[in-house]
Amino acid sequence: MPALLIIAIIVGLVLLFSGIFVAALKFLLFIGVALILLAIIGWLLRSIRGRA
């Protein structure tokens, strides 16, 4: 019975840490997309102002 409890604790910790890392990766992915959009907008504004 204690071996089963230890396995359950290990599985729970793995799932907890994987959930934290997945949430962090989703947050970083959102920030990356936002930075790409800001870079595209800045590039468009620079190219439009350069031609005007």
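Mentor: Begin with Ile 10, which is partly exposed at a relative accessible area of 48%. The model is predicted: local features need pLDDT of at least 70, side-chain atom pairs count only at pLDDT 80 or more, and totals for chains, interfaces and linings use all residues. Residues are numbered from 1 along each chain as its sequence is written, and side-chain values use heavy atoms, without hydrogens and water.

Trainee: Is Leu 13 buried, partly exposed or exposed?
Mentor: Buried means under 20% relative accessible area, exposed over 50%, and partly exposed in between (1.4 Å probe, protein chains only). Leu 13 has 41% relative accessibility, so Leu 13 counts as partly exposed.

Trainee: Which helix holds Ile 10?
Mentor: Helices are DSSP runs of H or I with at least four residues, strands are runs of E with at least two, and both are numbered from the N terminus. The chain has 1 helix and 0 strands. Ile 10 lies in helix H1.

Trainee: Why is the chain described as more spread out than a compact globule?
Mentor: The radius of gyration is taken over C-alpha atoms, and the globule rule is 2.2 Å times the number of residues to the power 0.38. For 52 residues that rule gives 10 Å, and the chain is more spread out because its value is well over that, at 22 Å.

Trainee: How far apart in space are Ile 10 and Leu 44?
Mentor: The C-alpha atoms of the chain fill a box of roughly 75 × 5 × 5 Å along the principal axes. Ile 10 and Leu 44 are 34 residues apart in sequence, and their C-alpha to C-alpha distance is 51 Å.
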